[in-house]
Amino acid sequence: MSPEPTPTPSTTDADWWRDAVFYQIYIRSFADGNGDGVGDLAGIRSRLPYLADLGVDALWITPFYPSPMADHGYDVADPRDVEPVFGDLAEFDALLAEAHALGIRVTVDLVPNHSSHDHEWFQAALAAAPGSRERARYHFVDGRGADGSRPPNNWPSVFGGPAWTRLPDGQWYLHLFAPEQPDLNFANPEVVADLEETMRFWLDRGVDGFRIDVAHGMAKPDGLPDMVPLDDTGLLADHAPGDERFDSEGVHELHRRIRTVIDEYPGRMAVGEVWLRDDQRLARYLRADELQLAFNFKLVTAGWTAKEIRTAVEDSLATVAGSPAPACWVLSNHDVPRHVTRYGGGELGIRRARAAALLQLALPGAVYLYNGDELGMPDVDLPDEALQDPIWERSGRTERGRDACRTPMPWSGAEPSYGFSSGAETWLPMPSGWGSLTAEAQRVDAYSMQSLYRTAIALRSSSPAFAGEEVHWLQAPDGCVAFRRPGGLVCLLNLSGEPVPLPDGQVLLSSVPVDRGTLPDDAAVWLQA
């Protein structure tokens, strides 16, 4: 029997997500509640007051399901339970109830594209014969060549190496990611029904929505054709999500099935991880009967220039202009370098990150923060022996993977583990010299990154200047970006290399001190027009 759902905050506000500030928690790295060096549900519970004080509206918690951790939880062995490393269902229910009591919604990761190789279905498939019902839940295919010894097609794995692994009986199975993550076959009604059962399991417990992993990848092109080579060198068109193996037409029928389930639970939502270069194709995921939100990664890939940033914003707004969805703004997450590092690192990266925070939070739509954004966390240069991302080994140790942006959060104190854990060892090592970066140190510093975020989020939720979902571009000095919201908010971002005059209006907040009517370089300001 499913538990009684915990009441969600303001459940009468069905569209709460349209302008919400979401906070992504990479569970292994947020807070450790039991001293084993790995973040967990108890750790999140202990930090809920911090998140309420920060002012976020909702959480996105990365996978905490039973898993052998080949990809740190994105290889799911059972999507309807909790990995003991992270706690249990009772701990999750308590977290959900306490978050809701504080007015914070909770969304969780849905990982439909693949399962773990430890999933009972895949283990049954390995034990079954070719052509069996068990194998039909995945993509088991005969190889090419007279003896079937060549892979069924030329697809590479996103994590490096081929996307196919051969079994002793001669068949091959598909894994767009690691071999421990076999792709499920969504042409099989049994697979679709199981996904719907998983969704209802968590919705019945009271979760407020889902982040859908690889939302563009569940359906595969008919016949699993070869990828088109880029040129006569034989290089493939693309080695990352966004290539022709993704975004097959059938994926939209799957999202309509997902939306049908979500609509049975008023006030719930789903956001898709959709890595596509074509904005028109991205917009198709935001039709009225598909996703409520889709991450737009334009700001993640934009360089620190006025032209690139304005183009990123314009393209993102144009993508949603013909849809019922708002824009969805991202600067960092657990898969990409943190923006402090992308923007130059050190003091320069911090200065630019402060300005970028005001830009992100000034834009209309939903905002996703990554845990540590509010502390100005950079990537960490980890030693080779500490690396755990499967990309490191799968690439032949030529690509270092994503561990650098996943270092545990520093909470307090002057030495590792900075209050993250009561144990001496953390799952990824934490550097020395982070005492001033901790949440505790920044809480009492009026000029800290955390204080900037807290003030910006509070203004965003309370000031009438943020009313309206349109952006009106303003004339600005060369190398600057300036826009106005209908409620009167003016945001000016200076990337010109020189101080520029401030527009008319009352200063609400600035990323650096402003005086004598000018805004310094690599800075942003909010004004009430």
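Entry 1: I began at cysteine 491, which is buried, with a relative accessible area of 0%. Since this is a predicted model, I treat every value below as a property of the prediction. I then looked for a sulfur partner and found that cysteine 491 is in no disulfide, the nearest cysteine sulfur, that of cysteine 480, being 11 Å away. Cysteine 480 likewise is in no disulfide, and at 11% relative accessibility it counts as buried. For the structure as a whole I noted zero disulfides.

Entry 2: β13 and β14 form a hairpin with four residues between them, and glycine 488 in the turn has a positive phi of about 115°.

I next asked how many of the residues of strand β13 (residues 480-484) are buried. The count is four of its five residues, so I recorded the strand as mostly covered. Two bridges join β13 to β12, with the strands running antiparallel, and tryptophan 473 stands opposite phenylalanine 483 in β13. The hairpin of β12 and β13 has six residues between the strands, and in it glycine 479 takes a positive phi near 80°.

Putting the strands in order, I wrote down an open, antiparallel sheet of five strands, β12-β13-β14-β18-β16. Its edge strands are β12 (472-473) and β16 (506-510), each of which pairs on one side only.

**Entry 3: from this sheet to its helix.** I looked for a helix against these strands and found α15 (residues 449-462), which lies across β16 and β18 and runs at about 135° to β16. The axis of α15 also comes within 10 Å of that of helix α12 (residues 346-362), and the two cross at roughly 10°. An angle under 35 degrees counts as roughly parallel, and α12 and α15 are therefore roughly parallel to each other. From α12 the contact takes Ile350, Ala353, Arg354, Ala357, Leu358 and Leu361, and from α15 it takes Met449, Leu452, Tyr453, Ala456, Ile457 and Arg460. By class I recorded 10 nonpolar, no polar and two charged residues in this contact.

**Entry 4: the other sheet.** I then turned to an open sheet of eight strands with parallel pairing, in the order β9-β8-β7-β3-β2-β1-β11-β10. β9 (293-294) and β10 (328-330) stand at the edges with a single partner strand each, so one side of each has no neighbour in the sheet. Helix α12 packs on this sheet, where it touches β1 (21-25), β10 and β11 (366-370), and its direction makes about 145° with that of β11.

Entry 5: What angle do the axes of α4 (residues 89-101) and α6 (residues 189-205) make? I noted that they come within 10 Å and cross at roughly 55°, and that α4 and α6 are therefore oblique to each other. Leu89, Phe92, Asp93 and Leu96 in α4 meet Phe201, Trp202 and Arg205 in α6. The class count for this contact is five nonpolar, no polar and two charged residues.

**Entry 6: backbone checks in loops.** I found a cis peptide bond joining proline 416 and serine 417, with omega about 15°, and serine 417 lies in the loop between α13 (390-394) and α14 (439-443).

I also looked up two positive phi values at residues other than glycine. For histidine 72, phi is near 50°; this residue lies in the loop between β2 (58-61) and α4, and histidine 72 is buried, with a relative accessible area of 6%. Arginine 516 has a phi of about 55° and is found in the loop between β16 and β17 (518-519). Is arginine 516 buried or exposed? At 77% relative accessibility, arginine 516 counts as exposed.

Terms used:
Residues numbered from 1 in each chain as written. Predicted model: local features only at pLDDT ≥ 70, side-chain atom pairs only at ≥ 80, totals over all residues. Heavy atoms only, no water. Pairing = 2+ DSSP bridges. Contact = heavy atoms within 4.5 Å. Axes fitted to C-alpha atoms, helices over the stretch in contact; angles between N-to-C directions. Parallel < 35°, antiparallel > 145°, perpendicular 65-115°, else oblique. Nonpolar A, V, L, I, M, F, W, Y, C, P; charged D, E, K, R; others polar. Disulfide = S-S within 2.5 Å. Buried < 20%, exposed > 50% of the residue type's maximum accessible area, 1.4 Å probe, protein only.
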